[in-house]
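Student: I would like to learn how to read the features of a model like this one. Can we go through them one by one?

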Amino acid sequence: MTQTAPTESDRGKNKASTKSFEAMRKFAETYAKRTGTYFCVDPKITNAVIEGLAKHKDDLGAPLCPCRYYEDKQAEVENTYWNCPCVPMRERKECHCLLFLTEDNPFVGTQQELEVVAVDYDE
Ligand code: SF4
């Protein structure tokens, strides 16, 4: 079977495209360094949040925060408040997704570069 252009399933079921995942990974690494924040001690959390941001970028055209429920995702994208980095993060370094953690957070790790680990979304 021949492989066509990458699709959202090229990295596994319910995953973002490679292009968006890499874009969000680079964004997260750069933003962590710029803000003096660190990724979670559990890399599965970081991978899952980046995956969610990338999936929203594919589906909605913007990295809407993946850790919230929205009645209308497209309206939230246009509102911009929860487009990553969201307003609470930009103003107060508050990331409720545990993507960007300050040093006083009990879940903070030491990394500002992503350790890619498998996270399955098959269920
Ligand atoms: S809480 Fe804010 S900074 Fe953290 S992942 Fe969501 S949108 Fe991004």
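Tutor: We take the helix, the core, the backbone, the disulfide and the salt bridges in turn. Keep in mind that this is a predicted model.

Student: Let us start with helix 1. How many residues does helix 1 have, and what span does it reach from its first C-alpha to its last?

Tutor: Helix 1 covers residues 18-35, which is 18 residues. The span from first C-alpha to last is 25 Å. That is close to the 26 Å expected at 1.5 Å a residue.

Student: Which residues of helix 1 are buried?

Tutor: Start with the general idea. An α-helix has 3.6 residues a turn, so residues three or four places apart point the same way. Now the case here. The buried residues are Ser20, Phe21, Met24, Arg25, Phe27, Ala28, Glu29, Tyr31, Ala32 and Thr35.

Student: What do the buried residues of helix 1 pack against?

Tutor: They pack against helix 2 (43-60) and helix 4 (87-92).

Student: And what follows helix 1?

Tutor: Gly36 does, with a positive phi near 65°.

Student: Now the core. How many residues has the largest nonpolar core, and which have the most contacts inside it?

Tutor: In soluble globular proteins, nonpolar side chains tend to be buried together. Here the largest nonpolar core has 26 residues. Phe39, Ile50, Leu99 and Phe100 have the most contacts inside it. Helix 1 and helix 2 each supply at least two residues of this core. Helix 1 gives the most, with six residues.

Student: Take Phe100. Which residues is Phe100 in contact with, leaving aside neighbours within four places in sequence?

Tutor: Phe100 touches Phe27, Ala28, Tyr31 and Ala32, among others. Its contacts also include Thr37, Tyr38 and Phe39. Cys84, Met89 and Cys95 complete the set.

Student: Next, the backbone. What should I look for?

Tutor: Look for exceptions. Most residues other than glycine have a negative phi, and most peptide bonds are trans.

Student: Which peptide bond is cis here?

Tutor: The bond from Cys84 to Pro85, with omega near -5°. Pro85 sits in the loop between helix 3 (73-79) and helix 4.

Student: What is the phi of Asn14, and where does Asn14 lie?

Tutor: Asn14 is not a glycine, yet its phi is positive, about 65°. Asn14 belongs to the segment before helix 1. Its relative accessibility is 41%, so Asn14 counts as partly exposed.

Student: What about the phi of Lys93?

Tutor: Lys93 also has a positive phi, near 55°, in a residue other than glycine. Lys93 is in the segment after helix 4. Its relative accessible area is 39%, which makes Lys93 partly exposed.

Student: On to the cysteines. How many disulfides does the structure hold?

Tutor: One. It joins Cys67 to Cys97, with S to S at 2.1 Å. The pair links distant parts of the chain, 30 residues apart. Cys67 is in the loop between helix 2 and helix 3, and Cys97 is in the segment after helix 4.

Student: Why is this disulfide called right-handed?

Tutor: Because the torsion about the S-S bond of Cys67 and Cys97 is about 130°.

Student: Is Cys67 buried or partly exposed? And Cys97?

Tutor: Cys67 is partly exposed, at 36% relative accessibility. Cys97 is buried, at 9%.

Student: Last, the salt bridges. How many are there?

Tutor: Side chains of opposite charge can pair when their charged atoms come close. This structure holds seven salt bridges.

Student: Where do Arg25 and Glu29 lie?

Tutor: Both lie in helix 1, four residues apart, about one turn of the helix. Arg25 and Glu29 are both buried.

Student: And in helix 2, how far apart are Lys55 and Asp59?

Tutor: Four residues, so about one helical turn separates them. Their salt bridge is 3.1 Å, N to O. Lys55 is buried at 17% relative accessible area, whereas Asp59 is partly exposed at 44%.

Student: Which residue does Arg92 pair with?

Tutor: Glu94, with the closest N and O atoms 3.2 Å apart. Arg92 is partly exposed at 46% relative accessibility, and Glu94 is partly exposed at 40%. Elsewhere, salt bridges that share partners join Glu22, Arg25 and Glu29 into one network.

Key. Residues numbered from 1 in each chain as written. Predicted model: local features only at pLDDT ≥ 70, side-chain atom pairs only at ≥ 80, totals over all residues. Heavy atoms only, no water. Expected span 1.5 Å × (residues − 1). Buried < 20%, exposed > 50% of the residue type's maximum accessible area, 1.4 Å probe, protein only. Contact = heavy atoms within 4.5 Å. Core = buried A, V, L, I, M, F, W, Y, C linked by side-chain atoms within 4.5 Å. Disulfide = S-S within 2.5 Å. Salt bridge = Lys/Arg side-chain N within 4 Å of Asp/Glu carboxyl O.
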